[in-house]
Amino acid sequence: MRCHDIEAQLSAYLDAELDRETHAAITAHLNRCPQCQATFLTLEAAARQVRAALDALPMPPGLEAGILAQVFNESPDARPSATRWVALGALVTVAGLLGIAPITIVGWSTVRLLLGLTWHSIAFVPGLLGGVGTLAAIVAAAGGGLGALLLVGRLGPHGDGRPSYEP
Amino acid sequence: MAVRYTIQRIGVHREIGRGRGLCDGGIIGGMNEADWALVRRAQRGDRDAVTTVITRYQGYVYRTAYGIVQYAADAEDVTQETFLKMYRSFQTLHDVRTFPSWLARIATRTALDRVAQRERTHLASPDVLEATAAPDAVHRSDLQIDVARALADLTPAHRAVLVLREVYGFDYAELAQILDVPVGTVRSRLHHARMQLRTALDAPEEGGSR
């Protein structure tokens, strides 16, 4: 490898984030190239200076007290709870299921009146409507659950539309 | 000779980085069952557990915030906001073993948001000497002020990856998750940030590695 290629990988080398072969190749190069060796050492020194500077950073007085006051003054009601969203989803689901029955009955009665059909001639229709109702109930239940999940995901921990912080 | 020593040191450096994270308690990379239990209790709303978590992690969050926002007052605000978000969103942490990186992600995003907010409102550029107003300013060395200046010249995204790596030792995969970028981006940002820092500091220590 040339010096230019070596330099491009010195940072990852410093972090031991290279594969074994590349790492060994760079080590060999550094041992015979004073210029790249100097670059590496200054890179490492800069990293060490950053660590030292941040380690020595003084904590502001009263920081912990301020955090605790802010956190514990938070009303429990203001905490978005997954349980709350699940409950909302369940409510939507139940509402959807309860809505299916009257819609089915009203819809069937309307069709029967409009077409002047008799119970005997169209005995299969209730079965058909029952199937449609069942399908609608499944869709409503799935929609309610999905809606709850989307709400949790969309509102997230901030309530500002960001996704969850879970890595 | 120096390189051989450095190579040996890399392993040590990595261990230090992995183990030092929770700077006031040394937990990142080394959380144990008791720490996980503590986080679980905090998740359930146990006030004492929440307090302990805050006590242990405040230094970690503050340093992360300061490294990114570069203002002591903003870093303090970001730290408070980070813990408030942690408290509000504990329910979204499904695996307590990821707590350090989860918290780092909140802190980093909050800090980057603060920087963006500051840029939008056209406030003054980061005052790297602001920290000299801190109580122990008298003891701050020129080297630290130089580092602050050099950091201020980096973009917020470069500062973020550098701070998370140099101070807390997250590996590239963890950094990619925290910053929500590909590992290749982590690699290139770190390289760019370090090369720029190296130029800005321009202060190779005599003898390189100690």
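1. B:Leu164 is in contact with B:Thr64, B:Ala104, B:Thr108, B:Phe170, B:Leu175 and B:Ile178, leaving aside its neighbours within four places in sequence. Two residues are in contact if their C-beta atoms, placed from the backbone, lie within 7 Å. This is a predicted model, in which local features need pLDDT of at least 70 and side-chain atom pairs count only at pLDDT 80 or more, while totals for chains, interfaces and linings use all residues. Residues are numbered from 1 along each chain as its sequence is written, with chains lettered from A and ligands numbered from 1 in the order in which they are written.

2. B:Leu164 is also one of the residues with the most contacts inside the largest nonpolar core, together with B:Ala65, B:Val69, B:Leu103 and B:Val161. That core has 70 residues, and H3(B) gives the most to it, with eleven. A nonpolar core is a set of buried Ala, Val, Leu, Ile, Met, Phe, Trp, Tyr and Cys residues joined through C-beta atoms within 7 Å. A residue is buried if 20 or more other C-beta atoms lie within 10 Å of its own, exposed if 12 or fewer, and partly exposed in between, with C-beta atoms placed from the backbone. In soluble globular proteins, nonpolar side chains tend to be buried together.

3. Helix H7 of chain B covers residues 156–168. Helices (H or I, at least four residues) and strands (E, at least two) are DSSP runs, numbered from the N terminus. How many of the 13 residues of H7(B) are buried? Eleven are, so the label "mostly covered" follows from the cut-off for burial. The buried residues of H7(B) include B:Val161 and B:Leu164, and also B:His158, B:Arg159, B:Arg165 and B:Glu166.

4. After H7(B) comes B:Gly169, with a positive phi near 70°.

5. Helix H3 of chain B (47–69) is not straight: H3(B) bends by about 50° at B:Tyr57. The bend at a residue is the angle between axes fitted to the seven residues ending there and the seven starting there.

6. H3(B) is followed by B:Gln70, which lies in the loop between H3 and H4 of chain B. B:Gln70 has a positive phi of about 75° although it is not a glycine. Is B:Gln70 buried or exposed? B:Gln70 counts as buried because it has 25 C-beta neighbours inside 10 Å.

7. B:Tyr71 sits in the loop between helix H3 (47–69) and helix H4 (72–88) of chain B. B:Tyr71 is buried because 22 other C-beta atoms lie within 10 Å. The C-alpha atom of B:Tyr71 is 9.7 Å from that of B:Val115, a residue 44 places away along the chain.

8. B:Asp180 is not a glycine, yet its phi is positive, at about 60°. Its place is the loop between helix H8 (172–179) and helix H9 (183–201) of chain B. B:Asp180 is exposed because 12 other C-beta atoms lie within 10 Å.

9. Chain A has six helices and zero strands, and chain B has nine helices and zero strands. Of the 167 residues of chain A, 20% count as buried; of the 210 residues of chain B, 47% do. Among contacts between residues at least 6 apart in sequence, those joining residues at least 24 apart make up 69% in chain A and 66% in chain B.

10. Confidence should be read next; pLDDT is the predictor's confidence in each residue, from 0 to 100. Chain B has a mean pLDDT of 78, with 71% of its residues at 70 or more. Residues 1–27 of chain B stay under 50, and the model has 48 contacts beyond four places in sequence for them. Residues 204–210 of chain B are also below 50, with 13 contacts beyond near neighbours in sequence.

11. Chain A averages a pLDDT of 75, and 61% of the residues score at least 70. Which elements of chain A have the lowest and the highest mean pLDDT? Helix H6 (residues 124–155) has the lowest, 67, and helix H2 (residues 20–32) the highest, 94. Over residues 153–164 of chain A the pLDDT is below 50, with 17 contacts beyond near neighbours in sequence. Where pLDDT is low, the predicted coordinates should not be read in detail. The scores for the model are ipTM 0.74 and pTM 0.66.

Technical notes:
Expected span 1.5 Å × (residues − 1).
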